[in-house]
Amino acid sequence: MEIEYPEDLRYLDSHEYVRFDGEIATIGVSAFAIDQLGDVVFLELPEVGDAVEVGETLGTIESVKAVEDLYPPVSGTVIDRNETAIDAPETLAEDPYGEGWLIKVKVDDPDDELADTLTASEYRAQVEGMDT
């Protein structure tokens with residue numbers, strides 16, 4: 001399977017991505033991570049209104065292979081969460097950068113939030129080096 005790394009996203013080395021639309025950040029998990037995890041069977045995500053902070057977990061993703069913590073690439077307040085993905089976690093594998101998003105966060109200062117993120121080419125180089 002050809003794994004995509006959309007250029008309009010920023011990535012964490014823990015495989016979460018963020019896409020900005022003004023001060024709204026959409027957070028999800030990269031196609032590479034979904035491919036490595038295998039079949040996703042359960043998602044635990046924060047509630048609307050919860051605060052998320054860079055460096056702290058925002059929830060978990062469980063597959064047939066492992067349970068992994070999820071980390072937000074940005075800090076802010078959760079304004080939406082993907083109930084479809086919670087009810088049908090296979091959505092993540094079907095469309096990780098579209099319908100497979102996890103949460104949407106209102107960010108106070110988007111420019112200050114991207115210091116620890118990777119560009120698509122940086123992330124691709126990192127994961128393809130790991131993928132042996």
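Are tyrosine 17 and tyrosine 97 buried or exposed? Both tyrosine 17 and tyrosine 97 are buried (buried is under 20% relative accessible area, exposed over 50%, partly exposed in between, with a 1.4 Å probe and protein chains only). This is a predicted model, in which local features need pLDDT of at least 70, side-chain atom pairs count only at pLDDT 80 or more, and totals for chains, interfaces and linings use all residues. Residues are numbered from 1 along each chain as its sequence is written, and side-chain values use heavy atoms, with hydrogens and water left out. Helices (H or I, at least four residues) and strands (E, at least two) are DSSP runs, numbered from the N terminus.

**Aromatic pairs**

- The structure holds 3 aromatic pairs. Rings of Phe, Tyr and Trp (its six-membered ring) pair if their centres lie within 6.5 Å; planes under 30 degrees apart are stacked, over 60 edge-to-face, and the rest tilted.
- Tyrosine 11 and tyrosine 123 are stacked, at 4.5 Å centre to centre with 5° between the planes. This pair links distant parts of the chain: tyrosine 11 is in strand β1 and tyrosine 123 in helix α5 (residues 120-130), 112 residues apart.
- Tyrosine 11 and tyrosine 123 are buried. The ring centres of tyrosine 17 and tyrosine 97 lie 5.2 Å apart with planes at 55°, so this pair is tilted.
- Tyrosine 17 sits in strand β2, and tyrosine 97 in the loop between α3 (91-94) and β9, 80 residues apart.
- Ring pairs also join Tyr5, Tyr11 and Tyr123 into a cluster.

**Serine 30**

- Serine 30 lies in the loop between β3 (24-29) and α1 (31-37). Its relative accessible area is 0%, so serine 30 is buried.
- Which residues does serine 30 touch, not counting residues up to four places away in sequence? They are Tyr11, His15, Tyr17, Tyr97 and Tyr123 (contact means heavy atoms within 4.5 Å).
- The side chain of serine 30 makes a polar contact with the side chain of tyrosine 123, at 2.6 Å. A polar contact is a pair of N or O atoms within 3.5 Å; within protein, one must be able to donate a hydrogen and the other to accept it, and residues adjacent in sequence count only if both atoms are side-chain atoms.

**Salt bridges**

- Side chains of opposite charge can pair when their charged atoms come close. A salt bridge is a side-chain nitrogen of Lys or Arg within 4 Å of a carboxyl oxygen of Asp or Glu. The count comes to 5 salt bridges.
- Aspartate 8 and arginine 19 meet in a salt bridge at 2.9 Å, N to O. Aspartate 8 lies in the segment before β1 (10-11) and arginine 19 in strand β2 (residues 16-21), so the pair ties together parts 11 residues apart in sequence.
- Lysine 106 forms a salt bridge with glutamate 23, with the closest N and O atoms 3.1 Å apart. Lysine 106 is in strand β9 (residues 103-106) and glutamate 23 in the loop between β2 and β3, 83 residues apart.
- Lysine 106 is partly exposed at 35% relative accessible area, and glutamate 23 is partly exposed at 39%.
- Arginine 81 forms a salt bridge with glutamate 47, the closest N and O atoms being 3.6 Å apart. Arginine 81 lies in strand β8 (residues 76-81) and glutamate 47 in the loop between β4 (40-44) and β5 (51-52), so parts 34 residues apart in sequence are tied together.
- Arginine 81 is buried at 14%, whereas glutamate 47 is partly exposed at 45%. Salt bridges that share partners join Glu47, Arg81 and Glu83 into one network.
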